[in-house]
There are 2 protein chains.
Amino acid sequence: MTVIVKKYGGTSVSSISKIKKIANQIAVEKKEPNDILVVLSAMGDTTDKLVQMSNKSCKDPEPRELDMLLSSGEQVSISLLSLILNDIGVKATSLTGWQAGIKTNSQSMSARISSIDVKRIKSEFKKNSVVIVAGFQGINNKGDITTLGRGGSDTTAVALAAALKASECQIFTDVDGVYTTDPRICSNARKLDLLTYEEMLEMSGLGSKVLQLRSVEFASKHNVPIRVLNAHKGNNFGTLIKKEEKKMEGATISGIAFTKDEAEITIKGVKDQPGVAAKILGPIGDAKIEVDMIVQNVGSNGLADFTFTVSRNTLKNAMKVIEKNKKIMSYESVSSKNNIVKVSIVGVGMRSHAGIAGRMFKCLAKNKVNIRMISTSEIKISVVIDQKNLEIAVQALHNEFKLNKK
Amino acid sequence: MTVIVKKYGGTSVSSISKIKKIANQIAVEKKEPNDILVVLSAMGDTTDKLVQMSNKSCKDPEPRELDMLLSSGEQVSISLLSLILNDIGVKATSLTGWQAGIKTNSQSMSARISSIDVKRIKSEFKKNSVVIVAGFQGINNKGDITTLGRGGSDTTAVALAAALKASECQIFTDVDGVYTTDPRICSNARKLDLLTYEEMLEMSGLGSKVLQLRSVEFASKHNVPIRVLNAHKGNNFGTLIKKEEKKMEGATISGIAFTKDEAEITIKGVKDQPGVAAKILGPIGDAKIEVDMIVQNVGSNGLADFTFTVSRNTLKNAMKVIEKNKKIMSYESVSSKNNIVKVSIVGVGMRSHAGIAGRMFKCLAKNKVNIRMISTSEIKISVVIDQKNLEIAVQALHNEFKLNKK
C-alpha cells in the first residue's frame, strides 16, 4: 500500500475546531486505500508558553528537563486529533516520538534523528489505523525524551516518510506553496509547481518561512518528495520539491530570494599576505558570529580592504570583537553599514545557461541599483545592495527572468 | 541508603511559585544522606481542563487516546520541579510513568499497576539525583500509555515506595493529617498521630478526602507506612498509617466517619422466601447502582420489608429500576428518603473491648437521635440517622469516646 505522510504545523492545529477540519480532510482521503501517517506540532503557541514557564522557573534550564517539558505539547495535539478521528469513525492511533520508534542522539534541544524503528507504525497500518505521530521529539539511547529544535516537526515528517518509503511527504502550511519571490514585495510573484531540493535550499530567505531547511537536506539525502500545501484549502497542488531530473531543465531561474537582516563590515588597510583572512575571521568565529559573504580587494600599496556581511543582530558584537583585536588583525580603520540587503536569483537552469550573471547585473544597472558585493554558487547568484533598492531590484529581476509566467 | 517517597497533589503544584516552595523543602531534606523520590500530580486543574478539551472534541472518547491526552499534564509538573531543583543546585531527573518502569494492565482510564522495574530509578539514585516521577500513569505491555484513574498519583507513590522498600511514603495534602472526625462538624476534632490501614479504610468518609483508598489497600498489602502531611507547613508529623501492632491497642475508637450523600429505599410487602434479596438487588446491580447497607424486617404475615441505602445521586435511577421491575420483585409498595446520613465509629480497639455498640446506641438515645439502620463490621459500627441529627450525633459520640484526648 502507498504510504502518505502529512504534517500540520502549530497554526493549523491551534484550536479544536481547526483540528476537526483536518480530521474531516483525513476522513475523506482515508476512503482511498492508502496508509496515512500524520505528524503534528503542538497547538498554536503552546511551545512558546512552555518556554515561558521554564523561564519563570529557572535562569539556566537543564536541557534534558526542558526537552521533557517541551515535548508535552505534541502529546495533546496528537491525542485530540486521534479522539476526533475515532469519534467520526476513522480508526486512528496516536504515538509519541518514542512510541513511533524515533531514536535520536543525546543533543538536547536540537537532537538529530539517528534511526527509526517503524515496527509499531506498520502494525497500526495493518489494523487500517491512521497513525498520528508527535512531531519534534524522539528518544535517545538512555531512554530520555529529546526534542529536535524549532521546526523539528518538518524533520520528523520527512524522516518518517523516508523510513516508510512514503510516496510523498505533504507539509501543510498557511500558504499555497513556494513562490518565485515574496508576494508582499513583488505583486506578480507566482506560486511554483516544482522545485529541486538544491533550489529550495538556496532559496533559504524565501523557503525557510515555509519549510525548515534541515528537513529539505534530509529529504534530499533520502530522496523523499516533499509537497508544500495550503492547510486551509481543500484540494491544492502546492509546490512539489524533489530530485532534479533531466526534463526539469525548463526554467533558467526559479525564484528570487532575499534577506533583509544583513549588515556589512569593511576593514581597511590590512596587509595583503597569506593568513590575513584567518586572522580577521578567527576571532569573529570564536565569538560565534556567522559570516556570510566575504570580499577582499587588493590595493596597489600591498594593503587590502576586507569586506564581509554578518547578521544584523550580531553586528554590534562583531564590531566589539574587531576593535578588541585590532593588534592581532592589524588594520587601519573599520566601518560598518546596517541598511543593506542580499538579493539572490536561484535556479538549476543556470548550470546549462550561460550569461545569467551578466543579465542580472545589466538589469540592476538599468534600474540604477548599485551592487556592493557579489557572490556566486553553482545555482545561485547573490548581490548585496542598499536596502532602499530592495523592491525595485526584486521586481526588475522578476520581470527580467519572466518569473510571472510558467 | 534510606529511600523516602514524597507525593504532592495538584493543589500543591498549582503554580510555579508553589513548585518552588516544594523544591526548597526538598533541597533542605536532600542534605540528609537519603534517596528522595517525588511523585507529582498535574498542576492545579490541568487534568480537568484536558477532560474538557476531550469533551469538546468528541462525544465518546476512545479510552487509549484519552489516556494519551490526560497523561501529558504530569509531564509538565515533573519537568518544572526538576528544572527548578537543578537550577538551585540539587541534581534531579524527571521520569514519566514508562521511564520509571511502571507497568500496568490495559484497562485504560483505571489501569492497575502490575509491576515496577526500578532499574532506571536506582541508576539515578546512584548518581545522587532526586528522582521525580509522573503520578497517575504507566505503560501497558503493548507500549501504550495508561492512566490509573482519579487520585492515581497516591497509588503511584505507594507502589513505588513498595518497589523501592522506602522507609515511608509521605503524602502531602492541604490538611495536617487524618482527624478523629471532620473539624467542620466537630470543633474539638483532633489530628491522629497513628492509624492502622484497616482503620483508614473504614474511615472512608473521612479518609477519602485525604488519601485515595486504593493506595491504602496497596500499602496494606505491601506493608508500606504512609504518612499524610501538610504540604504548606515545614516540619510536621502528620498522621502515620501503618500495620497494626500489639502496642497500638490503646484507644478503643480512633475516629468517627460520616457520609452525607446517602439515600434510603424501603420496599414493603415482599414475600419472605429464599432468593428474594437477589431478585431485588439483581436489577439494581445490573444498572451499576451500588448498594451500601441492607436491612430486612420479617413481618408476621409472611411478608417482609426490605430497606437499603444507595448513593444520593443514584436514587432517582434506582427508583426507576425498582418500578420497572415491580413484577419480578413482587412487592406491595416502595418509598424513598433523601435526607439521611451514615455515621460510623471506627477503631481496631473494638476487637478487644466489648460493649462498644451498646455505648454508641445509648449515647445516641440520650441525645434523642433516632437510629434508622445499623450495620457492623469487625472494627466499625455504622448507623443511618436523619440528616438533621448529624452534628449532634458526631459531637456526642466524639465526647462519649473522649476522642479529643490522646
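Predicted model: local features only at pLDDT ≥ 70, side-chain atom pairs only at ≥ 80, totals over all residues.
1. Helix α4 of chain A (residues 72–87) packs against helix α4 of chain B (residues 72–87), with the axes 9 Å apart and an angle of about 175 degrees between them. Angles over 145 degrees count as roughly antiparallel, so α4(A) is roughly antiparallel to α4(B). On the chain A side the contact uses A:Ser72, A:Gln75 and A:Val76, and on the chain B side B:Ser72, B:Gln75 and B:Val76.

2. Next, look at a helix pair within chain B. The axes of α13 (residues 356–366) and α14 (residues 390–400) of chain B come within 10 Å and cross at roughly 130 degrees; α13(B) and α14(B) are therefore oblique to each other. The crossing of α13(B) past α14(B) is right-handed. From α13(B), the contact takes in B:Arg359, B:Met360, B:Cys363 and B:Leu364, while α14(B) supplies B:Ala393, B:Ala396, B:Leu397 and B:Glu400. Of the residues in this contact, 6 are nonpolar, 2 are charged and none is polar.

3. Staying in chain B, find helix α9 (residues 213–222). Its buried residues are B:Ser215, B:Val216, B:Phe218, B:Ala219 and B:Ser220. After α9(B) comes B:Asn223, which has a positive phi near 55 degrees.

4. Now turn to chain A, where 6 strands make an open, antiparallel sheet in the order β14-β15-β13-β16-β18-β17. At its edges stand β14 (291–298) and β17 (371–377) of chain A, each with a single partner strand, so one side of each has no neighbour in the sheet. From one strand to the next, the twist averages 30 degrees.

5. Within that sheet, strands β13 (residues 255–271) and β15 (residues 303–311) of chain A run antiparallel and are joined by 8 bridges. To find the pairing by eye, look for A:Thr266, which stands opposite A:Thr307 in β15(A). A helix also packs on the sheet: α13 of chain A (residues 356–366) touches β16 (333–346), β17 and β18 (380–386) of chain A, and its direction makes about 20 degrees with that of β18(A).

Technical notes:
Residues numbered from 1 in each chain as written. Chains lettered and ligands numbered in written order. Axes fitted to C-alpha atoms, helices over the stretch in contact; angles between N-to-C directions. Helix = DSSP H or I, 4+ residues; strand = E, 2+ residues; numbered from the N terminus. Parallel < 35°, antiparallel > 145°, perpendicular 65-115°, else oblique. Contact = placed C-beta atoms within 7 Å. Left-handed = near helix turned anticlockwise from the far one by under 90°. Nonpolar A, V, L, I, M, F, W, Y, C, P; charged D, E, K, R; others polar. Buried ≥ 20, exposed ≤ 12 C-beta atoms within 10 Å, placed from the backbone. Pairing = 2+ DSSP bridges.
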